[in-house]
Amino acid sequence: MTTHTSPASPARRGRRPGATSTRQAVLDAARARFAADGFTATTIRRVASDAGVDASLVMQFFRSKDELFAAVMSVPTGALSRFSAAFEGPDRGLGERVVRAFLGIWEEDSHSAAPLMAMLRGAIVNDQASAQLREFLQERLLVDAVASRDVEDATLRAGLVSSMLVGLVVGRGIVGVPTLARADRETLVALVGPAVQAMLAPAPAAVDDGEEDEVDDPCDKGMNR
């Protein structure tokens with residue numbers, strides 16, 4: 001009896017099947033871990049455990065924690081577009097639009113919020129994270145604000161706004177100040193929006209018509225008696 005054997009299948013080239021999905025699982029786990037614990041406390045072993053893989057496999061994809069951190073800090077372009085769009089339109093309501101959009105990209109979508117939160121937590125101890133955060137603020141807040149509004153000291157004003165907004169996120173999401181953490185987002189928009197408005201689109205100064213109000217001089221009254 002002759003046994004027929006199938007021809008040997010050609011050897012596959014490249015990485016084993018599932019490598020792409022495994023790499024993505026590592027990225028997702030790292031993004032969440034960096035966002036929750038910060039750069040210093042996060043370890044390759046913890047990320048590997050969260051992803052359900054061996055630590056050596058993580059090192060095959062990313063040669064160091066710095067390289068892994070750099071990979072997870074890419075902010076989705078959709079989130080950046082949403083923030084830039086806040087500067088479009090009339091001056092009226094600009095402050096509330098900016099605050100709402102800023103809080104939205106940090107809090108609404110975990111896919112957008114995680115790399116930003118990782119960036120913010122890491123900025124204190126990691127030069128790369130600090131540079132990433134500065135670039136994010138420079139490109140998305142300072143440039144958009146300066147380019148779209150013609151106000152005196154526009155760069156300084158935009159820098160102050162960025163400090164206010166980052167401080168709000170730190171107090172609300174990292175430090176966990178109870179009143180900030182519990183506050184409804186729209187309440188914060190209503191309270192912080194006018195301050196941002198005054199910075200980015202200040203109301204024009206009142207025009208002085210050159211006429212002074214007449215003030216009665218007591219001496220004149222005495223002379224007219």
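Helices H5 and H6 cross in a left-handed sense; a crossing is left-handed if the near helix is turned anticlockwise from the far one by less than a right angle, and right-handed if clockwise. The contact is built from Ala-79, Arg-82 and Phe-83 on H5 and from Val-98, Ala-101, Phe-102, Gly-104 and Ile-105 on H6, where contact means heavy atoms within 4.5 Å. By class, these residues are six nonpolar, one polar and one charged. Ala, Val, Leu, Ile, Met, Phe, Trp, Tyr, Cys and Pro count as nonpolar, Asp, Glu, Lys and Arg as charged, and the others, Gly among them, as polar.

This is a predicted model, in which local features need pLDDT of at least 70 and side-chain atom pairs count only at pLDDT 80 or more, while totals for chains, interfaces and linings use all residues. Residues are numbered from 1 along each chain as its sequence is written, and side-chain values use heavy atoms, with hydrogens and water left out.

From H9, Arg-157, Ala-158, Leu-160, Val-161, Met-164, Leu-165, Leu-168 and Arg-172 meet H11 residues Arg-185, Leu-188, Val-192, Ala-195, Val-196, Ala-198, Met-199 and Leu-200. This contact holds 13 nonpolar, no polar and three charged residues.

The table gives the geometry of both pairs.

| Helix pair | Axis distance | Angle |
|---|---|---|
| H5 (residues 77-85) and H6 (residues 94-107) | within 8 Å | roughly 165° |
| H9 (residues 154-174) and H11 | 9 Å | about 160° |

Axes are lines fitted to C-alpha atoms, for helices over the stretch in contact, and angles run from 0 to 180 degrees between N-to-C directions. H5 is therefore roughly antiparallel to H6, and H9 is roughly antiparallel to H11, a class for angles over 145 degrees.

H11 (residues 185-200) also contains Gln-197. Gln-197 is buried, at 19% relative accessible area; buried means under 20% (1.4 Å probe, protein chains only). Leaving aside residues up to four places away in sequence, Gln-197 touches Asp-91, Arg-92, Gly-93, Leu-94, Gly-95 and Pro-202.

The protein chain as a whole has 12 helices and zero strands; helices (H or I, at least four residues) and strands (E, at least two) are DSSP runs, numbered from the N terminus. Of its 225 residues, 37% are buried. The chain exposes about 13900 Å², with 52% supplied by carbon and sulfur atoms, by the Shrake-Rupley method with a 1.4 Å probe. Among contacts between residues at least 6 apart in sequence, 65% join residues at least 24 apart.

Definitions and conventions
Parallel < 35°, antiparallel > 145°, perpendicular 65-115°, else oblique. Buried < 20%, exposed > 50% of the residue type's maximum accessible area, 1.4 Å probe, protein only.
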